[in-house]
Amino acid sequence: MEAKYGLLGLLTREPNYGYELKKEYDHYFAGDKPILAGQVYSTLARLARDAKVVEVADDGIPAGPARTRYAVTEYGKEELIEWLRTPEVPSPTLQSELYLKTVLALLINGDAAEYLKVQRKAHQQRMRELTARKQRASLAEKLLLDQAIFHIDADLRWMSLTASRLDALKEQL
């Protein structure tokens with residue numbers, strides 16, 4: 001995910017500080033991988049350089065260290081809206097580590113069944129973890145978890161189909 005669009009989107013709601021943006025970004029978008037504070041500030045710096053955000057006056061803040069508040073520009077809003085209107089390209093490449101490891105297991109060991117068995121077990125364990133997590137998740141987080149679960153399910157179906165084709169694949173390789 002491109003952090004710049006997440007930050008631009010959050011800034012369309014109201015001007016905000018980098019640290020507050022990090023907390024909001026993590027709340028809405030991070031899932032299991034919080035954004036690093038350094039990435040927030042470097043992204044904001046690039047957005048400011050490209051005239052997509054500006055620094056705004058910090059009115060009414062009590063004495064303390066200087067903090068920078070950012071607001072999205074019209075140019076930044078226009079780019080965000082264009083990005084939102086542009087559909088994502090589904091699976092732009094035909095490369096997958098699951099596929100790579102399966103083929104390499106066949107080439108090196110002459111069999112990929114054990115690899116697929118171990119990988120299937122890992123996928124099933126992750127699916128159980130995510131499914132359990134859904135029980136206590138907000139609706140927004142459930143949507144994110146569902147997407148991850150559906151991807152895991154697709155991988156599991158691919159592994160089952162591939163396991164049924166291993167002999168034929170081995171002959172072709």
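**Close-up views of a predicted model**

**View 1. Helices α2 and α3 cross at roughly 115 degrees.** In this predicted model, the axis of helix α2 (residues 18–30) comes within 9 Å of the axis of α3. The crossing of the two helices is right-handed. On the α2 side, the contact is made by G18, Y19, L21 and K22. On the α3 side, the contributing residues are A37, V40, Y41 and L44.

**View 2. Helices α1 and α4 pack at an angle of about 120 degrees.** Helix α1 covers residues 3–13, helix α4 covers residues 74–85, and their axes lie 10 Å apart. Angles of 65 to 115 degrees count as roughly perpendicular, over 145 as roughly antiparallel and under 35 as roughly parallel, with the rest termed oblique. The two helices are therefore described as oblique to each other. Their crossing is left-handed. From α1, the residues K4, Y5, L8, G9 and T12 take part in the contact. They meet G76, K77, E79, L80 and W83 of α4.

**View 3. A salt bridge joins the side chains of E79 and K52.** The separation in this pair is 2.6 Å, taken from N to O. In total, the structure holds 11 salt bridges.

**View 4. Helices α5 and α6 pack at an angle of about 155 degrees.** Helix α5 spans residues 97–109 and helix α6 spans residues 113–134, with 10 Å between their axes. This angle makes α5 roughly antiparallel to α6, because an angle over 145 degrees counts as roughly antiparallel. The α5 side of the contact consists of E97, L98, K101, T102 and A105. Their partners in α6 are Y115, L116, Q119 and H123.

Notes
Residues are numbered from 1 along each chain as its sequence is written. This is a predicted model: local features need pLDDT of at least 70, side-chain atom pairs count only at pLDDT 80 or more; totals for chains, interfaces and linings use all residues. Side-chain values use heavy atoms; hydrogens and water are left out. Axes are lines fitted to C-alpha atoms, for helices over the stretch in contact, and angles run from 0 to 180 degrees between N-to-C directions. Helices (H or I, at least four residues) and strands (E, at least two) are DSSP runs, numbered from the N terminus. A crossing is left-handed if the near helix is turned anticlockwise from the far one by less than a right angle, and right-handed if clockwise. Contact means heavy atoms within 4.5 Å. A salt bridge is a side-chain nitrogen of Lys or Arg within 4 Å of a carboxyl oxygen of Asp or Glu.
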